[in-house]
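Hi everyone, thanks for coming. Let me put today's structure up on the screen, and then we'll walk through it together.

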Amino acid sequence: MKKTSYFLVGLFLSLLCTQGVGQSPTEDSGDPPEAFELLFDKVLGNMNRSSSIRDWTEGRSLLSGLNLNPQLVQVLDGARQGGGLGLEYSWRRDLLADPDQGVGSAFGWRFGFHGSGTVTTDSKANPRNFLETELSLDFFGRIGPSREENEQTQILRQQFNDWRAEISDRYQLRTMAAIRATQEFRQLDRELARFAMEGEDWWHLWLDFGFRGGWETDQSFEFRQNVLGLQGTLAPAAGRDANLVWLNFFDWPFALTRFLLGDDFYVDGQAIPSLELGFDWVDPSAGAPRFRALGDEGGYQRWRAELAMVAVIGRIAEQDLRLSASFRHFSLIDPSVKVERLDLDSQSFLSLALHFPGQVLLKYTVGELPFDRKRSRAISLGYEIPF
Amino acid sequence: MARKKTRRKAGQRKKVSTRRKTGRKKSSRRASAAGQWSLDNPAHTSTFGFMMDRQRLQTTFSEAEDYPVRNLRYWNESSDSATRTNAKSLAGQIDGYFIDQLGAKYHPGHGFASAITFVAEFLTVGSNTVGGLGKALDSIYKMRGEQGL
């Protein structure tokens, strides 16, 4: 019965997403059906519908916007065991956005749906048997130094972009270094050439804060819990010549590997880790490991955090080899002695992925997620299916 | 040799030295047809330039049209939530680049929030392309040469 209700909720969300609520930035898609208008009026009161979000499904399949990675999974050790075929999915859709058209604002909000997880042919071999489906309302903004440049600089920058695009096509050049080596570049107007040589000293800070509500389940829906929470995200980035970018010690090893593989020696300001922090109220339903171990103990609160980054290891065969990393941590607030004794008070999970050319991925995961009782290690080899 | 370019006549009136020795023929530029990835479109060439500078895009301009965003360096294969965060942050960087550093304005019906929301969602679909992004940015931002300045 409960599985049916989950299915119906999923179907409702799918329909909501399929119908769309906005219009393309390029063309009017007309008003949504009246039923949806009434629904949003009821659910969201006076919040205005966005006039600017594209309906992704317009002229496309229901699956557009879905990322899928089939993969071969092999558990190495730990609580889980075996191997099999797996499918990693993620699907994000924005339903509403700040309709403010004000000039000069650098803040706004959005409301949307998101789902992600991994399913495998054998659930015991699923190293990430933790499916998350949620609705969230986020307030966001960007912070950076006032960088509005004078008119002449803006015009020159545009002209350099035009010239660079043209020269890359004309001589089949794929890197800035190759473009700098051309005869045309040496003969370029001095003012214009400055844009190719100037230091990248910009910096940028992305912030968002919001509310989320959703479900966490395992792939068989045997374990599940409802979650309401607050979350905030911080994502800095900087140019390679920005002050203090060398303090990004997470990228130091990769600065060395890039150098050894023929690149310049620099610390990458786009590899500064992002941080997501959350506070959740969790209501586990019957079947979850916690409920099984403790009986009906009711809900609890937890902190959660994720630190993640993408680093470029170096160029091999004219392609970048990249490493993605993510560390997630869940920690219960004021857990009982019994919870601590059962080792249910915190979980940590590390995931590393090597991106090979051709959209081939090699992943390594170690740790435990909220439905796991013990840590396990696994490797997987994956590929992306585009929709 | 100064180029003739209808879309940028306004920009070139700003007493900026634009003498460049690109060896390009004056008449080699074709008018950019709407919806086509084109060297004549400043939003497209700037999308290409931005991605080359900040996302290690390593293609020619023409190849970039079909280049999937999943291959850009912001995409985190270890974490879907980190990819979403990076996509939002990158959307913010793109907005700063177009508005502050290129002098673009929003087309009517668009503003900061809608631009960020749209671009961030676009960047979370791995099979979307750099060309598609450039076309979307062209519909969101009115570039300096298109503003009648």
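Okay, let's start with a stretch to be careful about. In chain B, residues 1–33 have a pLDDT that stays under 50, and for that stretch the model has 46 contacts beyond four places in sequence. Keep in mind that what you're looking at is a predicted model. For the complex, the predictor gives an ipTM of 0.83 and a pTM of 0.82.

Now, how is chain B put together? There are six helices and two strands in chain B. Go along the sequence and you read α-α-α-α-β-α-α-β. Chain B has 149 residues, and 60% of them count as buried. If you take the contacts in chain B with a separation of 6 or more, 67% come from residues 24 or more positions apart.

Next, the place where the chains touch. Chain A puts 83 residues into the contact, and chain B puts in 67. Which helices of chain B each supply at least two residues of its side? Those are H2 (42–54), H3, H4 (80–101), H5 (112–123) and H6 (130–140) of chain B. H4(B) gives the largest share of that side, with 14 residues. Sort the side of chain B that touches chain A by class and you get 33 polar, 17 nonpolar and 17 charged residues.

Over to chain A. It's divided into domain 1, covering 61–144 + 206–383, and domain 2, covering 151–197. The C-alpha centres of domain 1 and domain 2 of chain A are 39 Å apart.

Last stop, some strands in chain A. Strand E4 of chain A (residues 131–143) runs antiparallel to strand E5 of chain A (residues 203–217), and 13 bridges join them. To find that pairing on the screen, look for Phe140(A), which sits opposite Asp208(A) in E5(A). E5(A) also runs antiparallel to strand E6 of chain A (residues 224–238), this time with 15 bridges. There, Leu205(A) faces Pro236(A) in E6(A). What do E5(A) and E6(A) form? A hairpin, with six residues between the strands, and in the turn Phe221(A) has a positive phi of about 65°.

Terms used. Residues numbered from 1 in each chain as written. Chains lettered and ligands numbered in written order. Predicted model: local features only at pLDDT ≥ 70, side-chain atom pairs only at ≥ 80, totals over all residues. Domains from an automatic or database assignment. pLDDT = per-residue confidence, 0-100. Contact = placed C-beta atoms within 7 Å. Helix = DSSP H or I, 4+ residues; strand = E, 2+ residues; numbered from the N terminus. Nonpolar A, V, L, I, M, F, W, Y, C, P; charged D, E, K, R; others polar. Pairing = 2+ DSSP bridges. Buried ≥ 20, exposed ≤ 12 C-beta atoms within 10 Å, placed from the backbone.
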